[in-house]
Amino acid sequence: MANINWRTINIDLLDPESPANFSTTSLAPAVASVSASEVQSLSSQIKQLLRGGDSEGALRGALENPPYGGDAAAKEVHLATVVEILQSIKQSEMSPMLNRIYGSDGGVEVLDVLMKYLYKGMSHASQPSSASTRSMSPQSTGFSQIHSRGGGEGGGQAMSVLLSWHEKLVEIAGPGSIVRVMSDRRTV
């Protein structure tokens, strides 16, 4: 016992009630795995609703079935579907639609999922795509031309739509939605 420096013993490891012995796996709920083909078929069903003119049904269908257990490809397909739905809805229809969803059963959770997709879409819209970085041409001034003239602003339009939805969503669901999304360990 003379060789042990008692000041270096971590007594928290000896206590079973200590936070050091807390398993973080219990923080994230279990999610069922989802294949990319399942997400693709759901996406086609949702797009069929959208083509039929039921944009609220399409939005609800996409937001009530997020592929939490899917791989990256499945999540990208679902993100593209959600962004396509959001871009197809007129700005004058946003607030009434969000109010109807918010007032329905499970509406808060559905709007929280929408907030997750808005943030995910904004993070993708701000990153340059691999195609645009390959087409950069150095200029004699030392600057790089990323997009050709008159084009390449599609990401800005998508960002504008996502920001409009974010504004309306915070107006209706409040800032608590942002906090819930940031603290949720399930990702879309």
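## Salt bridges in this predicted model

The structure holds 6 salt bridges, a salt bridge being a side-chain nitrogen of Lys or Arg within 4 Å of a carboxyl oxygen of Asp or Glu. This is a predicted model, in which local features need pLDDT of at least 70 and side-chain atom pairs count only at pLDDT 80 or more, while totals for chains, interfaces and linings use all residues. Residues are numbered from 1 along each chain as its sequence is written, and side-chain values use heavy atoms, leaving out hydrogens and water.

Let's look at some of these pairs, including the following:

| Salt bridge | Closest N to O |
|---|---|
| R180 and D112 | 2.7 Å |
| K116 and D184 | 2.6 Å |

Start with R180 and D112, which form a salt bridge. R180 sits in helix 8 (residues 176-183) and D112 in helix 5 (residues 107-126), so this pair ties together parts that are 68 residues apart in sequence. Helices here are DSSP runs of H or I with at least four residues, numbered from the N terminus. D112 is buried, at 11% relative accessible area, whereas R180 is partly exposed, at 35%. Buried means under 20% relative accessible area, exposed means over 50%, and partly exposed is in between (1.4 Å probe, protein chains only).

Next, find K116 and D184, another salt-bridged pair. K116 is in helix 5 and D184 in the segment after helix 8, 68 residues apart, and the pair links these distant parts of the chain. K116 is buried, with 8% relative accessibility, while D184 is partly exposed, with 22%.

Through shared partners, K116, D184 and R186 are joined into one network. R186 itself counts as partly exposed, at 30% relative accessibility.

Notes
Helix = DSSP H or I, 4+ residues; strand = E, 2+ residues; numbered from the N terminus.
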